[in-house]
Amino acid sequence: MTNNTDNHILIALIVNYIVNDRQSQNYDFEDEVMMQTKDETARKTPFELAVERIKDGADSEHEAKKLYAQLTEEESLDLLDGDTPFWPGMLSFIKDGYNYRPYVHGQNDRLGIPGIRFIDGPRGCVRGEGTAFPVSMARGATWDVALEERVGVAIGEEVREEGGNFYGGVCINLPRHPAWGRAQETYSDQPIILGRMGAALAKGVQHNAMACMKHFACNSMENARFSVDVSVDEATFNEVYLPHFKYVAQHGIYAVMSSYNSINGEWGGQNRYNLIQVLRDEWNFKGLTVSDFIWGLRDPIASITHGLDIEEPFSQQRHEKVQQALREGRLSWGDIRRSGVRILENQLRFYAQRWSDEPKNTLASDPHTQLAREVEDRAVVLLKNDQVEGETVLPLLPQKTRKIAVFGRLADIANTGDHGSSDVHAPYVVTVLQGLQDAYGKEKIDYLSGGSDEDVAACAAGADAAVVVVGYTAADEGEFVDGSIADRDDLLALYPEPHDENEEKIRDEVLKAMGSGASVVGTGTTGGDRRDLHLHKDDVNLIAQVSRYNPRTVVVVVSAGAVLMEDWVDQIPCLLLGWYSGMEGGHGIADIITGKANPSGHLPYPIPASEDDLPDLNIDATEITYDRYYGQRLIQHKGSKALFPLGYGLSYTTWQVARITSRSADTVAGTGCVEVEVENTGDRDGWCVVQIYGSQTEGDRADERELLGFSTVQVPAHAGKTILVDTDYTALGRWNAHTRKVDAPHGLIRLEASLYWGDPDSANAEVTL
C-alpha cells in the first residue's frame with residue numbers, strides 16, 4: 001500500500017508523461033477544446049441552440065421564425081392543439097383524474113421543442129402531492145403582493161418539478177355576485193386587487209413556469225358557463241371587467257386563457273374583439289392565447305382567424321377540420337404560421353430566462369408548508385371581537401385557558417376547497433380541531449360535531465370558550481360539470497368521431513360515465529353556484545345552541561365568497577372568516593385564536609347586510625347583462641350600509657392612519673403616488689393594510705368612493721412608519737372610445753387613507769388632476 005507522498009509522486013509522473021507525449025506530437029490543447037465544444041453543440045437540439053443564442057442577445061422572434069421554418073406542414077399544425085388523442089384523453093380524465101400528468105401541446109422531439117406542458121392551479125400544483133395553499137380569495141384577504149409573489153415562486157417550483165412548464169392558475173375573474181361557485185379561485189371583486197395580486201403570482205411562478213391568466217372574460221357564473229351570453233357595453237367592459245386583465249397582461253405574463261361563456265354574442269374562445277382588438281391591437285400583448293378545456297371554442301377555424309393560438313388540452317376540433325379548411329381556402333397558412341411562431345417564440349423566450357437550477361424535493365416541502373401556514377395567519381379576517389366580562393374574547397391564551405369546546409361538522413374534516421380543476425392533492429391536511437389540539441393540548445379540547453340540546457349544553461357550558469366551525473364544502477360551491485354534457489347536442493358536436501373500433505369503445509364508455517354523473521373534473525353534480533348565500537340551517541341552529549350556553553362563543557366561517565349573516569351575527573361576540581385555509585389551515589386558525597399570530601386579514605369584498613343589496617342573478621340564465629353596479633359600489637348606490645364593508649378587518653392591536661400626502665399624479669397615465677403615515681398605537685406588533693380610496697367632487701359619479709391603491713406594512717407596537725402607496729386614478733375614469741383607453745378623471749379628487757371603505761377615522765387629502 002502506498003502512502004500520500006507516493007500517490008503525489010505517481011500523479012506527477014503520469015501528468016508529466018501526458019504533457020511530454022502531447023508536446024512530442026505537437027498536440028494543440030485549444031484544438032481539443034474546440035473539438036469538444038463542437039461535439040457538445042452537435043448533440044444539442046435546434047430548440048436548445050436557439051435558446052442559447054437568445055441568451056447571448058439574439059432576437060427571440062427571429063429565432064422562432066428560423067425554428068418554425070424547419071417544421072413540416074404536419075408538425076406546424078401539431079403546435080395548435082394537444083398531443084393526446086381526444087377519446088383516450090377523456091377516458092384518462094374520468095379514470096385517472098384531472099391533470100394526472102401534464103397536458104402537453106406541440107411537443108416535437110425531432111427539433112427538441114418541449115411543447116406547452118400544462119399544470120393547473122391556483123391553490124397550488126394540482127399534479128402530484130403538492131402544497132395546498134389557502135385559496136386565492138383567502139390570499140386576497142392579505143392584500144400583500146410580496147407574500148403572493150413568494151407563493152408564486154413556491155408553486156412554480158412544484159409545477160416544474162412535476163414536469164410542467166405552463167401554469168394555468170392565475171385566475172383573476174371579477175366575481176360580480178358572491179354566489180359564483182368558483183369565487184374561491186380569484187382574489188377580490190376589486191379590479192386593482194385582482195390585477196396586482198395576479199401579476200405578483202405570475203411573477204413568482206415565471207421563474208420556473210410560464211403563467212397563464214384566466215378566464216378572459218366576464219366568467220363569473222358556473223352552472224351556465226357553457227351556455228350563457230354576457231351582454232356588457234363597451235364602456236363598462238373596459239372600466240370594470242378588463243382593467244385587471246390589462247394590468248397583468250402588461251406586466252409580463254406569458255399567456256391568457258379564454259372563457260367558456262360568450263360575450264356580446266361571440267364565444268370566448270373565438271371572440272375577435274377580445275383576442276385581437278383588445279389583447280393584440282390595444283394592449284400589444286405578445287404572449288399566447290389558449291382555450292379553456294374541451295368546450296372552449298365552437299368553431300375551430302374562426303378560433304384561429306380570430307386570434308386563439310392553442311386549443312386545449314387534446315387533439316380535438318382543429319385536428320379534424322383545419323386541413324380541410326386549408327384545402328378549401330377558408331384558412332390560410334399565414335394564419336397557421338402567425339400562431340405557430342408565437343407559440344415557439346414564447347417557449348424560447350421563457351427557456352432563455354428561467355432559473356437554471358432544477359427544483360428537487362419541493363412538493364409539500366417544509367419551507368412550502370410553512371409558507372402556507374404563514375399565508376393563513378395573514379388571511380384570517382377577524383370581523384367581531386366584543387368584550388365579555390370586561391375583556392375581548394380573543395385571544396385565548398393557552399396558559400390561561402382550562403377548557404375549550406369545539407363544535408361543528410367542519411371542524412374535523414379536510415376542507416381545502418372544491419374538487420374541480422383547482423384541487424391540490426396535499427399529503428395531509430390539518431383540520432381546525434387538530435390545530436387547536438396541537439396548540440392547547442388534546443386534554444383541553446372537547447369536540448362535538450352537533451347533537452341534542454342537552455349534549456351541546458353539557459359540552460359548552462363548562463368551557464372557558466366555545467369555537468363553532470360552520471360554512472361550506474365542495475358539495476356547496478365550486479367547479480361544476482354535470483352529466484348534461486353527455487347528451488347536449490351543441491356540446492356533442494364538439495367531439496371528434498372515433499377513428500377505430502378501440503376509440504369507439506372508449507367513446508361509449510366515456511359518454512356512459514358522463515351521462516351517469518361522472519365528471520371530467522371534480523365530483524359530478526356537486527358544487528356549482530350557490531343558490532342561497534346563508535349558512536345551512538343546521539349551522540345556524542348550532543350557533544344559536546352554543547351561544548346560548550357559552551357567552552364566549554367564537555364562530556369560524558369556512559367559505560370563499562360572502563356569506564349572509566344577518567340571521568345570527570348579533571347572537572355571538574366573536575367572528576372569524578377562516579376561508580378554505582389550505583393544508584396548514586388548522587394551525588393557522590389556531591395561531592389566531594391563541595394569539596400566536598396577530599390577525600391582519602381584511603375583506604377583499606363587502607359582506608352585505610341583506611340579499612337586497614346584491615345584483616340580480618339567475619344562475620341558470622342563458623342571457624345576462626353585466627353593469628357596473630355590484631359589491632360595495634351597489635351598496636353605496638342604493639344608499640344601504642354593508643354588514644362589513646370592503647377592506648374591513650380587526651386586529652389585536654390598534655391602528656391610526658395619521659397623515660396622507662399626494663406625492664405625484666400623472667393625468668395622462670392616470671397614476672400617482674401618495675405618502676401615508678401609519679401608527680401602531682397598541683401593544684402588539686402587527687401588519688397594517690393601508691387602503692387608498694378616492695372620489696370625485698363633481699359629475700354624475702360624484703362621491704362614489706373607489707379603491708385606488710393599497711399597501712401592507714409591518715409596524716412594531718407603539719411605533720410608526722411612513723410608506724409610499726401607488727395609486728391608479730383610472731378607477732375613477734371613463735372609457736374614451738376615440739383613444740381606446742380609460743381616461744383618468746379631471747378636477748378635484750378627494751383622497752382617503754383608510755383601514756376600510758368608509759372609515760370615519762381616515763386621513764384625508766385632495767389632489768387636482
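**Helix H21**

I note that the model is a predicted one.

I then looked up which residues of H21 are buried. They are Asp539, Val540, Leu542, Ile543, Gln545, Val546 and Ser547. I asked what covers the buried residues of H21.

**Largest pocket**

I looked up the volume of the largest pocket and noted about 860 Å³. Its lining has 43 residues, and those closest to the centre are Pro243, Asp728, Thr730, Ala731 and Val742.

Next I sorted the lining by element. Four helices, H9 (191-205), H10 (234-241), H11 (243-249) and H23 (631-637), each supply at least two residues. Strands E22 (671-680), E24 (706-715), E25 (719-728) and E27 (741-743) each supply at least two residues as well. Which element gives the largest share of the lining? I found that H11 does, with four residues. By residue class, I noted 18 nonpolar, 12 polar and 13 charged residues in the lining.

**Salt bridges**

I asked how many salt bridges the structure holds. The count is 53. As background, side chains of opposite charge can pair when their charged atoms come close.

Lys44 and Glu52 form a salt bridge through their side chains, at 2.1 Å from N to O. Lys44 counts as partly exposed because its relative accessibility is 32%. Glu52 is also at 32% relative accessibility and counts as partly exposed.

For Asp120 and Lys214, I noted a salt bridge with the closest N and O atoms 3.0 Å apart. Asp120 sits in the loop between strand E3 (116-119) and helix H7 (136-140), while Lys214 belongs to strand E5 (residues 210-216), so this pair ties together parts that are 94 residues apart in sequence. I checked burial for both: Asp120 is buried, and Lys214 is buried too.

In the salt bridge of Lys638 with Asp613, the closest N and O atoms are 3.9 Å apart. Lys638 is in the loop between H23 and strand E21 (655-666), and Asp613 is in the loop between helix H22 (585-594) and strand E20 (623-625), so the pair ties together parts 25 residues apart in sequence.

**Two single residues**

I looked up Glu345 and found it in helix H15 (residues 333-353). Glu345 counts as buried, because its relative accessibility is 10% and the cut-off for buried is under 20%. Which residues is Glu345 in contact with, leaving aside neighbours within four places in sequence? I noted Ser60, Glu61, Ala64 and Lys286.

Ser651 is in the loop between H23 and E21. At 19% relative accessibility, Ser651 counts as buried, since buried means under 20%. Not counting residues up to four places away in sequence, Ser651 touches Leu382, Asn598 and Pro599. I also looked up the distance from Ser651 to Ser559: the C-alpha atoms are 20 Å apart in space, and the residues are 92 apart in sequence.

**Backbone**

I looked for cis peptide bonds and noted two entries. The bond from Phe216 to Ala217 is cis, with omega near 10°; Ala217 lies in the loop between E5 and strand E6 (229-231). Glu312 and Pro313 are also joined by a cis peptide bond, with omega about -5°. Pro313 is in the loop between helix H13 (300-305) and strand E11 (314-315).

Asn99 has phi near 55° and lies in the loop between helix H6 (86-96) and strand E2 (103-105). Asn99 counts as buried at 1% relative accessibility. Asn264 has a positive phi of about 50° and lies in the loop between strand E8 (262-263) and strand E9 (266-267). With a relative accessible area of 45%, Asn264 is partly exposed.

Notes: Residues numbered from 1 in each chain as written. Predicted model: local features only at pLDDT ≥ 70, side-chain atom pairs only at ≥ 80, totals over all residues. Heavy atoms only, no water. Buried < 20%, exposed > 50% of the residue type's maximum accessible area, 1.4 Å probe, protein only. Contact = heavy atoms within 4.5 Å. 1 Å grid on protein atoms, 1.4 Å probe; cavity = no way out; pocket = protein on both sides within 12 Å on 5 of 7 lines; lining within 4 Å. Points joined across faces, edges and corners; volume = space filled by probe spheres on them. Nonpolar A, V, L, I, M, F, W, Y, C, P; charged D, E, K, R; others polar. Salt bridge = Lys/Arg side-chain N within 4 Å of Asp/Glu carboxyl O.
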